[in-house]
Amino acid sequence: MAAGFDPSGRIPDFFTTPATSSFTQFLSVAAPEMLPGRRPLPPGYSAELASAHATTVVTIVADGGVVMAGDRRATAGNLIASRDIEKVHPADPYSLVGMAGTAGVGIELIRLFQVELEHYEKIEGVMLSLEGKANRLATMIRNNLGAALQGLAVVPIFGGFDLGASDPAKAGRIWSFDIAGGIYEETGYDGIGSGSLFAKAALKKRYRPGLSVDDAITLGIEALYDAADDDTATGGPDLTRKIYPVVMTATAEGTRRLTDEETATIAESVVARRMENIGG
Amino acid sequence: MAMQFYASPEQIMRDRSEYARKGIARGRSAVALTYEGGVLFVAENLTSLRKVSEIYDRIGFAAVGRYNEFENLRRAGVRMADLNGYSYDRRDVTGRAIANAYAHALGAIFTEQMKAYEVEICVAEVGATPDSDELYRITYDGSVQDEPGSMAMGGQSEAISTVLKEAHSSDMSLADAVKLAVKALGSVGGEGGAARTIGADHLEVAVLDRRRKGRTFRRVTGAALTALLEPGSTATEPASDEESAAPAPPEDKPSSSAGSADLEGDAKD
């Protein structure tokens, strides 16, 4: 327990100060060393050597929700650091978050964001609004700017089902971010990471507003295939090892991760179509 | 000239105890009890300010007494649980640690401060079976007791507790448990000592659902609560819409995530 060695046994003041509902803000008082962006880094740009990089994630607005899909590769320079990293996670029961960039910082950021949202919900008794969650994520990125400029950059992507939306068909919303904490709501689709250039080009030609969730899932896996086709840092469906993209949806029923069997079926059919027509 | 009077330490502590006890007895009561499917909290509550809430995945909190004081403690508990879960792993947050922290805090406040906190707290952790459920009672002076099965706090808690203990068994259904809790709460405070009927709108009901993965805390409100209070109802699960979204038991939660297991698990087929 963080109460330390205070012989009175009293809970330290920062636990009981009623000021904040934010876990990050609480950490900055109780355990600042646990926050990314608060650690001293050696001067210069040195991160490339040490750390794994996570690559491509795409997200698509569908009819009644959003779909987010990420490939499974992490690279360190010209080597593959991981074949089965997971870059897409549920942020809370109605929203999804993905990351690209320095894997270590990205994973820590997602963990912190998940606790942040749950913490707010427990303290206040209500969930944050979808915009509130996106803004919170932007602030957390902003706090990492120093490290980002020294090479430990991470960029998230956020999407979810807006419980406050008047029209359930338009309740799926997505946001993109830049390393300075800029926040941009996107319409339709977006992608992050080294392969996103190719993935977004594929989505631009194939995306139609009002897509069903199932069609958006297929489209997402196709876009990742196109990214892997042209970007060495993005992994395609690995049929030999049975490693497939992580695909998650957020709809009125909440977030859901597709099972490996479901993604395997879709990924195999995408590969089979490409056998006949390489360009899709 | 001001006169200095001597008061013995025993006298000071007795006075503080009496003050705190009176404050707690003035309020309305809350009960916690185990049932076959988890741990049930029922509080008599006319306001929208909560007496029962979630601390962590399998840990719940109920309190009676002064709202601002126990609300402060509740927030501290949530912060402590989230900090520990974030630093280590979600499984490393235990009800006993939270109960200990509350006992320390209340004990320190009782001995060091002019005014004792007028609160009584229940920390409950739901286990895999009713036998492994844990209920802790933490009182205003920092003493902590393990209460197997059921407990009552606030108001005329001893009379309520007697009614509870007479009929409680850990294999009762949710509907039976809710009816017993409401009967116990209503057994005191009526005209001339008669029993009262407490309506659904004056109750705050929540469960820690044993069968769920991840966050197990659920409030039971509205139609689901009214249905449980109907005579003859046998529902064992809170009949809420959320039930349909209940996640399947997850395989292994990815170690890179801090989300609760109900979020991270593969979807049910």
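Predicted model: local features only at pLDDT ≥ 70, side-chain atom pairs only at ≥ 80, totals over all residues.
Trainee: What area is buried between chain B and chain A?
Mentor: Buried area is the accessible area (1.4 Å probe) that two parts lose on being put together, summed over both. For chain B and chain A you get about 3,700 Å², with carbon and sulfur atoms giving 55%. On the chain B side, B:Arg79, B:Tyr86 and B:Leu263 lose the most area to chain A, together 22% of what that side buries.

Trainee: How many salt bridges cross the interface of chain B and chain A?
Mentor: Side chains of opposite charge can pair when their charged atoms come close. The rule asks for a side-chain nitrogen of Lys or Arg within 4 Å of a carboxyl oxygen of Asp or Glu. It finds four across this interface; one of them joins B:Arg90 to A:Glu118 at 3.0 Å, N to O.

Trainee: And how many salt bridges are there over all chains?
Mentor: The whole structure has 40. Inside chain A, A:Glu86 pairs with A:Arg257, with the closest N and O atoms 3.2 Å apart. These two are 171 residues apart in the chain.

Trainee: At what angle do helix H2 and helix H4 of chain A cross?
Mentor: Helices are DSSP runs (H or I, at least four residues), numbered from the N terminus. Axes are lines fitted to C-alpha atoms over the stretch in contact, and angles run from 0 to 180 degrees between N-to-C directions. H2 (residues 23-30) and H4 (residues 103-124) of chain A cross at roughly 110°, their axes coming within 8 Å. That makes H2(A) roughly perpendicular to H4(A), a label for 65 to 115 degrees. A:Phe23, A:Thr24 and A:Leu27 in H2(A) meet residues of H4(A) including A:Leu112 and A:His119.

Definitions and conventions:
Residues numbered from 1 in each chain as written. Chains lettered and ligands numbered in written order. Heavy atoms only, no water. Parallel < 35°, antiparallel > 145°, perpendicular 65-115°, else oblique. Contact = heavy atoms within 4.5 Å.
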